[in-house]
Each structure stands twice: as structure tokens, then as C-alpha cells.
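Trainee: Could you take me through one part of this protein slowly? I would like to understand its salt bridges and what surrounds them.

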Amino acid sequence: MKSIPYGRQHITQADIDAVVEVLRADYLTQGPKIAEFEQAFANYIGSRYAVAVANGTAALHLCTLALGVQPGNKVITTPITFAASANCVRYAGGDVVFADIEPETYLLDIKKVEELLNNAPEGTYKGIIPVDFAGRSVDLEAFRKLADKYNCWIIEDACHAPGGYFIDSNEKKQFCGNSQFADLAIFSFHPVKHIAAGEGGMITTNDEKLYQKLLTLRTHGILKDVELFQNSPQVAYGNNHEAENTNTATYPGWYYEMQELGFNYRLTDFQAALGNEQLKRADEGLKRRREIAQTYDEAFKGKSFIKGQSGVVDGHAYHLYVIEVNNRKELYEHLRANNIFVQIHYVPVHLMPYYRQFGWKNGDLPAAERYYNRCISLPMYPTLTDEEQQYVIQKINECYE
Ligand SMILES: *Cc1c(COP(=O)(O)O)cnc(C)c1O
């Protein structure tokens with residue numbers, strides 16, 4: 001049996017054709033495929049705007065910049081996530097405060113967040129970054145209520161959950177990243193995620209001001225729109241003396257202004273073409289992920305040695321299928337020995353040496369640490385065959401005979 005990873009991309013001939021078409025066309029970057037992908041993605045997610053960027057981490061970085069995170073600002077996130085969800089706060093000079101997870105859902109525990117907010121002087125915390133961990137949506141409606149009470153913004157890290165949703169208090173499906181409740185949401189197009197573009201990321205929002213700011217920050221903070229210039233024609237014409245005409249409409253065609261410090265976080269057009277083609281099959285992939293999850297659920301039903309993520313899971317997008325077991329290391333090694341390359345998601349971010357230097361230590365977040373000692377992510381990707389999945393289940397059961 002060939003090796004079975006925990007996740008992998010699915011590239012079709014249509015994907016290849018879409019990329020090749022761009023390679024033969026005029027624009028490798030800054031071309032028409034970017035806007036096309038952004039529009040299609042916004043439609044899929046149900047947000048007003050989408051901004052394509054180089055990767056999910058760049059997306060997070062631009063979000064903290066757009067929201068104005070400053071040195072000393074405190075932002076709350078979960079320890080059970082990829083490090084980037086926290087690092088983006090540090091990029092902007094802010095401080096990361098980790099709150100514990102709910103032991104049943106593995107998501108950022110809103111009660112723990114509330115405790116932090118409640119016990120600090122007003123204005124201590126600027127924002128919250130909840131993560132739709134494994135593909136399960138956080139209750140953003142509840143987080144929004146809390147954030148409003150304490151004047152915080154929300155960045156939803158939806159990297160695991162394109163197509164996932166939760167049901168709001170009006171019985172309405174709220175799709176992850178639709179920015180109905182969050183200020184900004186972000187996605188990644190790394191090959192293990194639902195939509196693969198090699199590298200790539202997307203920010204979604206309904207806020208026009210933030211949208212404009214993100215566009216500028218994505219490209220060096222440079223503006224080309226005459227309307228937005230700061231009325232300095234002597235610079236515009238390269239004259240040292242005072243220009244006689246200060247009418248902004250007379251700026252020369254070559255002129256641009258860098259008004260703030262931005263980055264080059266652009267996505268290329270061939271990546272956008274790949275992402276867009278993949279997006280067309282996103283629902284198909286999601287359907288298959290949910291089937292696979294159901295097969296695992298049924299196989300493990302009544303097995304006392306396995307505990308899975310529990311609760312209502314209608315809108316789960318199943319980026320990961322996570323179980324908890326007592327003898328995790330043994331299971332991990334048994335599966336690896338049988339060519340099943342399971343993974344652990346995640347080593348808690350607060351226990352990374354980098355974050356320990358800020359005082360975080362073992363025992364600070366008991367639910368997250370207990371989860372980490374027991375968790376293992378099983379193979380979960382649309383092209384996993386029934387036969388392969390049965391093999392995985394068989395090898396897991398073997399470990400407990
Ligand atoms: C993948 C991922 C990121 C980072 O995305 P990249 O595209 O790899 O930079 C951030 N947060 C979460 C939860 C992720 O899974």
C-alpha cells in the first residue's frame with residue numbers, strides 16, 4: 001500500500017490548463033486573474049470584498065496592520081492553532097495573550113476570553129483572533145457581542161474552514177469568513193488546505209475602509225489614484241521650486257505616492273488561476289470530506305479508546321479529522337510504521353520557545369495542554385479512497401487489540 005498522508009492537494013487537468021493559459025498570456029502577476037479569483041471567492045464565502053495575497057500569514061499580517069495594532073496592544077487568540085495566528089500580532093509589535101480552549105470542541109473558549117476582558121482595565125485588549133479549528137466554525141455571533149462590549153475587533157482565522165458554517169440565533173447559516181460578525185477573515189491556499197494554489201491567501205471583509213487599506217498595504221503602501229494624493233505637485237513634477245499649479249488633476253501620468261509602509265504581498269496570476277479553478281470544485285471536495293468524517297465517526301462509535309471533537313457539527317468543513325487517545329505516541333508510531341502519515345495539530349503555541357520568553361509556561365492552559373497530549377489528526381482529503389480509509393481504521397483498531 002502506498003503511503004497515506006494526513007492531507008494532500010488534488011490537481012486536475014483543468015487546473016493544469018488554467019495555469020498554463022496564464023503562463024502563455026501577458027500577465028504573470030498584477031493581471032486580470034487576481035480580480036477574477038477575488039470576486040469568485042467573495043461570492044463563494046458570501047463576503048462583500050476579498051483581497052488575494054501571497055499566503056495566509058501575509059493575510060494575517062495585513063489584517064493586524066489594517067486594524068492598527070501598535071506596540072503594547074494586547075490581542076487574544078487560541079494556543080491550538082498554527083503559530084501564524086499569533087505571530088501576526090507580534091509582526092505589528094503587539095502582545096499575544098492566549099486563552100484556553102473548550103475541551104469538547106477544541107475551539108477558543110469564549111468564557112476564558114470574557115474572563116480576560118473582564119479582569120483587565122478598559123481598553124487593555126484591542127482584538128480577538130478566533131480560529132475555526134479543524135474546520136469547525138466558532139460562534140462568531142457570540143464573539144461579536146463580547147467584542148462590542150469591550151470595544152475589540154475580530155479577525156477570524158478561517159484557514160481550516162472555507163465552506164464551513166455555524167447557525168446563528170436567527171437560524172441562519174453563517175459561512176466562515178463571510179465577515180457578517182468578524183471585521184476581517186483570512187484563508188490560506190497552502191496545498192494541505194481545501195483550495196490549493198501552491199502558496200496563497202485571501203482576506204475577506206464587508207468593510208470598505210479596511211478593504212481599501214488592505215489593497216494599499218498589499219502593494220507597498222503605494223497609491224496611484226490622483227484623488228488620494230497629498231497635494232504636493234512640486235514632488236509630482238520633480239521640481240524643487242514651488243509648482244505654480246496646485247490643481248490635483250494635473251498630476252503627471254508617471255506619478256505615484258507611498259503614504260504608508262506597505263509590503264509586496266501579492267499573489268501571482270498563475271496561482272490565482274489555480275485557486276480559481278480549485279474553487280469551482282470546493283463544494284465537491286467538502287462533500288467528500290464530510291463523507292470521510294462520517295465513515296470515521298461510525299467506525300469509532302462506541303469505541304471507548306477514542307474521543308472525537310463533539311457537539312453539533314452540521315457545518316464542519318473537516319480540514320482535519322482529529323481524535324484523542326490515551327496512548328497517542330504508540331498510535332502515532334504504529335500508523336507511521338504502516339505508512340500512514342498522521343500528524344499532530346498542534347503543539348500549543350504558548351509553549352513554543354519563542355512565546356515562553358514572554359513568560360508562558362506548562363500548566364498555563366490546561367485544556368489545551370491536555371488536548372495536545374492526546375490528539376492525532378487522521379488522513380482527511382477528498383482523494384482518500386474508501387479502501388485507504390478502511391486500511392487506516394483497521395490499523396487504528398489493531399493498536400487497541
Ligand atoms: C495554514 C494556516 C495559516 C497560515 O497560512 P499560510 O498560507 O501557510 O501562511 C494560518 N492559520 C492557520 C490556522 C492555518 O492552518
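**A close look at the salt bridges**

Mentor: Happy to! Let's begin with Arg288 and Asp386, which form a salt bridge with their closest N and O atoms 3.1 Å apart. The term salt bridge is used when a side-chain nitrogen of Lys or Arg lies within 4 Å of a carboxyl oxygen of Asp or Glu. Before going on, please remember that this is a predicted model, in which local features need pLDDT of at least 70 and side-chain atom pairs count only at pLDDT 80 or more, while totals for chains, interfaces and linings use all residues. Residues are numbered from 1 along each chain as its sequence is written, and side-chain values use heavy atoms, with hydrogens and water left out.

Now, where do the two partners sit? Arg288 belongs to helix H10 (residues 282–300) and Asp386 to helix H14 (residues 386–398), so their pairing ties together parts that are 98 residues apart in sequence. Helices here are DSSP runs (H or I, at least four residues), numbered from the N terminus. Arg288 counts as buried, at 18% relative accessibility, whereas Asp386 is exposed, with a relative accessible area of 52%. Buried means under 20% relative accessible area, exposed means over 50%, and partly exposed is in between (1.4 Å probe, protein chains only).

For a contrast, look at Glu333 and Lys329, whose side chains meet in a salt bridge at 3.3 Å, N to O. Both lie in helix H11 (residues 328–337), and being four residues apart, they are separated by about one helical turn. Here Glu333 is partly exposed, at 43% relative accessibility, and Lys329 is exposed, at 57%.

Finally, let's step back to the whole protein. The structure holds 19 salt bridges. It is divided into domain 1 (4–220 + 263–280) and domain 2 (282–400), with bounds that come from an automatic or database domain assignment. How many salt bridges are there between domain 1 and domain 2? The count is zero.

Key. Helices (H or I, at least four residues) and strands (E, at least two) are DSSP runs, numbered from the N terminus.
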